Amino acid sequence: MNYKVFALIVMGITFLFDTLMHYLDTKSAEREIPANVADIYDADEYKRWLAYDKECNKLSLWRHLVSYVVAFLLIGLDGYAAVVNLVGAEGLYSAAIAVIIADTVISMVWSTPFSYVANMGIEQKYGFNKMTKKTFVVDLIKETVISLGLMCGLICIVVAVHQALGNWLLIILTAVIMAFLVIMVFLQPVFTRIFNKLTPLEEGELRARLTELLEKNGCTVRQISVSDGSKRSTKANAYFGGFGKMKTIVLYDTLLEQMTEDEIIAVFAHEMGHNKHKDTIKLLGINVVNVLMIAVSLWAVVSLPEIYKDFGFDGVNYGFAFVLAGTVCMAFISPFIGLFASALSRKFEYAADKFAADNGYGEALISGLKKLAKNNFSCLTPHPVVVVLTYSHPTISQRVEYIEKCMKNK
Ligand SMILES: [Zn+2]
């Protein structure tokens, strides 16, 4: 069996799955709005949302098609090997890095117009975008530099370990990626600062009430910070970053502007519930499965040097191994892991909602969530199949129903 044909067939299967998800997304707008969230948009706003949803779906369908056309062409026509020959990279390291740089640059070239239209076109048209062209370009450069740096570092480790220790690669790679993930979680507040400015929440009644809630539930955090999310979008958010002593609560300035004090505290209490239940660490457990799969995929493709000939290479190319592990193996495995991970994540969301309700913020959380849904232009009627397969949060209607149940049972 030619490995290239096999790879293309696997990619074809993931393509069909992705296409089905996109198709169901386009169908979700036709579904009836559940009664408990019917008050989020008025008739005019809903009309606007429908138009917005249609434009977003159209763009994301095109993006999906182009991404697969590019991937099929690059793999089907031995594009990566052509790049390596073109730049004359001969050493194991340089040939691997050439593939990674080519892959990053090519994906930046085809995907940037889509991100540009999404942010500067659609989000701008509906009044969400606050990003200047400068922020857009600076973000793009920062993201590309960070991802290239990390990938090249990782690939050098893989080449060195595999050359020196052979099959030990599997264990060492798993350990390296795991350590890397843990460091990322610890350093997340630092990474956040590369993109956003964080300032401590100013003293006052809100801060006092938040601190009281933290103390009441025995939570310690390093800082309650406000992020300048308004620099990019009017859409609001809040999250817990880092853990242990580095733990920081980040509230978007947009959240503070759009919500009443009770609603802010309710959203905060929900985030605190995640923290109290140690959800970040539990989700890290799922990441272990992901990491193992990545390590196994990479180890499998570098252990079969004969497959590279089918893709136009003379011998093993570690950069291309990353490409195969990502676009063929992981793209195929991820939906299965995602099914499990998103079910677990939705369970955590319900538990965090219950935590906020138990602390007396059920009512405020419902109105806060509705406000968030309205201001973020959320879909009220996602297709149930898409929810089960991919949603990390229950639908807004499911959450309202659940919070009301929690308040009744209290
Ligand atoms: Zn949550």
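**Exercises on a predicted model**

K278 is exposed, because 12 other C-beta atoms lie within 10 Å (buried means 20 or more other C-beta atoms within 10 Å of the residue's own, exposed 12 or fewer, partly exposed in between, with C-beta atoms placed from the backbone). The model is predicted, and local features need pLDDT of at least 70, side-chain atom pairs count only at pLDDT 80 or more, and totals for chains, interfaces and linings use all residues. Residues are numbered from 1 along each chain as its sequence is written.

**Exercise 1.** Work out how strand β4 (residues 248–252) is enclosed and which strands pair with β4.

*Solution.* 
- Step 1. Five of the five residues of β4 are buried, so the strand is largely enclosed by the rest of the structure.
- Step 2. In a regular strand the side chains alternate between the two faces of the sheet. In β4, one side holds T248, V250 and Y252, the other I249 and L251, and all are buried.
- Step 3. β2 (residues 223–227) pairs with β4 in the parallel sense over five bridges (pairing requires at least two DSSP bridges between two strands). I224 is opposite I249 of β4.
- Step 4. β3 (residues 238–241) runs antiparallel to β4, with four bridges. F240 has I249 as its bridge partner in β4.

**Exercise 2.** Describe the side of domain 1 that touches domain 2.

*Solution.* 
- Step 1. Domain 1 covers 3–183 + 279–409 and domain 2 covers 198–276 (the bounds come from an automatic or database domain assignment).
- Step 2. Their C-alpha centres are 26 Å apart.
- Step 3. Contacts link 25 residues of domain 1 with 23 residues of domain 2 (contact means C-beta atoms, placed from the backbone, within 7 Å).
- Step 4. On the domain 1 side, α10 (279–302) and α11 (318–375) each supply at least two residues; α11 gives the most, with 15 residues.
- Step 5. The residues of this side are 11 nonpolar, nine polar and five charged (nonpolar: Ala, Val, Leu, Ile, Met, Phe, Trp, Tyr, Cys and Pro; charged: Asp, Glu, Lys and Arg; polar: the others, Gly among them).

Note on methods: Contact = placed C-beta atoms within 7 Å.
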